[in-house]
Amino acid sequence: QGRDLVAKQFKNTREPRFFLIAPNHQLSFSDSQGRDLVATHRRHKRETSCPTVNITEGLTTQLTLPAQYSAAELDACLSNELLERNLTQLGLIAFGRDQLLVLVMKLRQIFPNGLPEQAIRRLGFIITVYGPEDVITWNITMPSTLILVLRNSPNMNTTGTVLQNYLGQSGPLTAAVLTEINGPILCSLSEANLRMIDPAELRRASPLNISTCTQPKKNIIYGIAATAFQNESVVSSVYFPLIEPYLPGAPLSALQTLSTQNINMNYTTFRNLNPEVVEKLTPAEIRGLLGVHLSSLKTNESDEIVQRWVRSHTPAEVDSLGINLVGGQEDFGLGNLFISSPPSSASMNYHGILLSALITVMGITLPSIL
């Protein structure tokens, strides 16, 4: 009470979606203050009966219930039997943190061996005061239950625990689950977990954001996506929009193929490609990938991925793009001996190699002159 609690139920989903906002406090049942509160409530329960009106079925749908009953009164006036029967309705009410902790305590009394999956599905706001040490015991096997829990998870630690527990129970990464964990949560999965993704499920999922994944994980997800959309690969105008979100993991052969299909890749997509792959592309392949967006390389010539490509090619190759890009490997000739300079980060090693080459050439040439 006295807290600014906001409940938002999002439409256009099969299941309700709720968020609880509590200013300046991380919600978790694991902190000592919460446990002290529960202990106080237990003593209060033993010592007193309900000081006001007992909560009945009709009151369980009252959104003003948090204002009518303090945490101590909720403890004394709400029976465990009523809570179990009306868990869904009570889970929709924006109780304060102390009140939610009372509900958690009662649920532990009702389900001493842990919450069953059907009860987990009905928690609503109540889930926001469960910590990782609680949810790790939950046996979640249905994708729909996982999605409900993730939508109401109070923090990334709890989210990660819930997801790993689900995967540990051989829970499938369905299209709906992939869409829900899209982004950093997806990228937090292990490489072994990512390999479990069924191409058919990825095909049905919303486009996945893999930008925060490590390069090996991007490579794995690209391989699954390439399989998922392989039937569309014969028509580039259909295939490219489907595979585009996954191109950061594309190998050289895939980019070389795309370079022949007039796809006009935008610079944002190009910038997110694997730079180790990009620097192996020929000028013709670069031109084929970017098409009408080729000049964006000049606009963004200071970007690392552009500089890596430039440093991997000769000035003549760089100039062949015809967009006034400057740079490239420098060739130094000594008769028939040519040495291409490495990237600037290795300049000291380069000069050492060049000096050794000069000494060798002079060592060979001087005796013949003498």
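**Ground rules.** I am working with a predicted model, where local features need pLDDT of at least 70 and side-chain atom pairs count only at pLDDT 80 or more, while totals for chains, interfaces and linings use all residues. Residues are numbered from 1 along each chain as its sequence is written, and side-chain values use heavy atoms, with hydrogens and water left out.

**Confidence.** I checked pLDDT, the predictor's confidence in each residue, from 0 to 100. Its mean over the chain is 83, and 76% of the residues reach 70 or more. Over residues 333–348 the value is below 50, though beyond near neighbours in sequence this stretch has 22 contacts in the model. I count a contact when heavy atoms are within 4.5 Å. Residues 364–370 also stay under 50, and there the model has 1 contact beyond four places in sequence. Where pLDDT is low, the predicted coordinates should not be read in detail.

**Whole chain.** Buried residues make up 42% of the 370 residues. For me, buried means under 20% relative accessible area, exposed means over 50%, and partly exposed is in between (1.4 Å probe, protein chains only). The accessible surface comes to about 18,800 Å², and 53% of that belongs to carbon and sulfur atoms. Those areas come from the Shrake-Rupley method with a 1.4 Å probe; for residues, only the protein chains shown count as cover. Among contacts with a separation of 6 or more, 64% are between residues 24 or more positions apart.

**Disulfides.** How many disulfides does a search of the whole structure find? I got 2 disulfides, taking a disulfide as a pair of cysteine sulfur atoms within 2.5 Å.

One of them joins Cys50 to Cys77, with 1.9 Å from S to S. The torsion about that S-S bond is about 90°, so I noted the disulfide of Cys50 and Cys77 as right-handed. Cys50 sits in the loop between helix H1 (32–47) and helix H2 (65–68) and Cys77 in helix H3 (residues 71–77), so the pair ties together parts that are 27 residues apart in sequence. Both Cys50 and Cys77 are buried.

Another disulfide joins Cys187 to Cys213, with 2.0 Å from S to S. The link of Cys187 and Cys213 is left-handed, at -85° about the S-S bond. This pair links distant parts of the chain, 26 residues apart: Cys187 is in helix H12 (residues 184–188), and Cys213 is in the loop between helix H14 (199–204) and helix H15 (215–228). Cys187 and Cys213 are buried too. With the bonded cysteines numbered in sequence order, I wrote the pairing down as 1-2, 3-4.

**Thr60.** Back in the loop between H1 and H2, I stopped at Thr60. Is Thr60 buried or exposed? Its relative accessibility is 0%, so Thr60 counts as buried. Leaving out residues up to four places away in sequence, Thr60 touches Ile55, Leu82, Asn86, Gln89, Leu90 and Ile93.

**H6.** Helix H6 (residues 97–110) has 14 residues and reaches 20 Å from its first C-alpha to its last, close to the 20 Å expected at 1.5 Å a residue. I take the expected span as 1.5 Å times one less than the number of residues. H6 is mostly covered, with 11 of its 14 residues buried; among them are Arg97, Lys106, Val102 and Ile110. Leu100 belongs to H6 and is buried, with a relative accessible area of 0%. From Leu100 to Phe125 I have 25 residues in sequence and 8.1 Å in space, C-alpha to C-alpha.

**H15.** The end C-alpha atoms of H15 are 20 Å apart, which agrees with the 20 Å its 14 residues should span at 1.5 Å a residue. Its buried residues include Lys217, Ile220, Tyr222 and Ala228. What covers the buried residues of H15 includes H12, H14 and helix H17 (252–258).

**Aromatic pairs.** I found 3 aromatic pairs in the structure. The ring centres of Tyr267 and Phe270 are 6.0 Å apart and the planes are at 35°, so the pair is tilted. Rings of Phe, Tyr and Trp (its six-membered ring) pair if their centres lie within 6.5 Å; planes under 30 degrees apart count as stacked, over 60 as edge-to-face and the rest as tilted. Tyr267 and Phe270 both lie in helix H18 (residues 267–271), 3 residues apart, about one turn of the helix. Both Tyr267 and Phe270 are buried.

Notes:
Helices (H or I, at least four residues) and strands (E, at least two) are DSSP runs, numbered from the N terminus.
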